[in-house]
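Here is a short briefing on one protein chain. Look at the model first, then read the points by topic.

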Amino acid sequence: MSGKLIQVDSETITTATSTVTLTGITDNSVYLVVGRNIKGDTDNKAFRFRCSDDGTPITSDYDVAYYRIRTSSPANIGAISQAHISIGGVGTGSSGNEQSNFHMMLYNMFNSSEYSTGTFAPVTYNATPVLEGNTGSFGLRNAQRTNEAHFLLASGNFTSGQFAMYKVI
């Protein structure tokens, strides 16, 4: 039966941690990653994503394109090459209702002769208050196998959040 989701990994943050890595990419299926109620211990720090392979995050060669809508300024478009994918641009923080929520689709992650690519759609709210939503895509510039989804903040630790990865079949 097509159209099923099979959970392959999840993590619920109960104590401060600097990174979250979801494992379980074992083939060339499409993978869905979702996160909710993600908070950090430092204000205005962007929420970031990297592909990872066997515990080693890939720290360069991402092409990213996105469209950002926010309550504090006009919408903007970005196309950049960087060391990570900035999922929540305004940054989340530690007080009140600040949080990030997102979903991502990951493609060609396990295939060493294909470029790992994905799409992302987060919503972030911070104490300024600023509400921001992005929609975008990314690709690694080098064809290589990746088998993990790695998350971090620009600085500081995650203090809460739920992350889950599903295989789409």
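The protein chain has zero helices and 13 strands. Helices (H or I, at least four residues) and strands (E, at least two) are DSSP runs, numbered from the N terminus. This is a predicted model: local features need pLDDT of at least 70, side-chain atom pairs count only at pLDDT 80 or more, and totals for chains, interfaces and linings use all residues. Residues are numbered from 1 along each chain as its sequence is written, and side-chain values use heavy atoms, with hydrogens and water left out.

**Overall build**

- From the N terminus on, the element order of the protein chain reads β-β-β-β-β-β-β-β-β-β-β-β-β.
- The C-alpha trace of the protein chain spans about 45 × 35 × 30 Å along its principal axes.
- The radius of gyration of the protein chain is 15 Å, which agrees with the value near 15 Å for a compact globule of 169 residues. This radius is taken over C-alpha atoms, and the globule rule is 2.2 Å times the number of residues to the power 0.38.
- Residues 24 or more positions apart account for 75% of the contacts in the protein chain with a separation of 6 or more. Contact means heavy atoms within 4.5 Å.

**Surface and charge**

- Of the 169 residues of the protein chain, 40% count as buried. Buried means under 20% relative accessible area, exposed over 50%, and partly exposed in between (1.4 Å probe, protein chains only).
- The protein chain exposes about 7,700 Å², and carbon and sulfur atoms supply 49% of it. Accessible areas come from the Shrake-Rupley method with a 1.4 Å probe; for residues, only the protein chains shown count as cover.
- There are 11 positive and 13 negative side chains in the protein chain, and the centres of the two sets lie 5 Å apart. Lys and Arg count as positive and Asp and Glu as negative; His and the chain ends are not counted. The place of a charge is NZ of Lys, CZ of Arg, CG of Asp or CD of Glu.

**Salt bridges**

- The count comes to six salt bridges. A salt bridge is a side-chain nitrogen of Lys or Arg within 4 Å of a carboxyl oxygen of Asp or Glu.
- D53 pairs with R145 in a salt bridge, with the closest N and O atoms 2.7 Å apart. D53 sits in strand β4 (residues 45–53) and R145 in the loop between β11 (130–140) and β12 (148–153), 92 residues apart.
- R145 also meets D54 in a salt bridge (2.7 Å, N to O). D54 lies in the loop between β4 and β5 (56–57), so this pair ties together parts that are 91 residues apart in sequence.
- D53 is partly exposed at 23% relative accessible area, R145 is partly exposed at 24%, and D54 counts as exposed at 56%.
- D63 forms a salt bridge with R141, the closest N and O atoms being 2.9 Å apart. D63 is in strand β6 (residues 62–70) and R141 in the loop between β11 and β12, so parts 78 residues apart in sequence are tied together. D63 is partly exposed at 34%, and R141 is partly exposed at 41%.

- V168 lies in strand β13 (residues 158–168). V168 counts as partly exposed, at 29% relative accessibility.
- The C-alpha atoms of V168 and S29 are separated by 6.5 Å, although the two residues are 139 residues apart along the chain.
- Leaving aside its neighbours within four places in sequence, V168 is in contact with K4, L5, S29, V30, L32 and M105.
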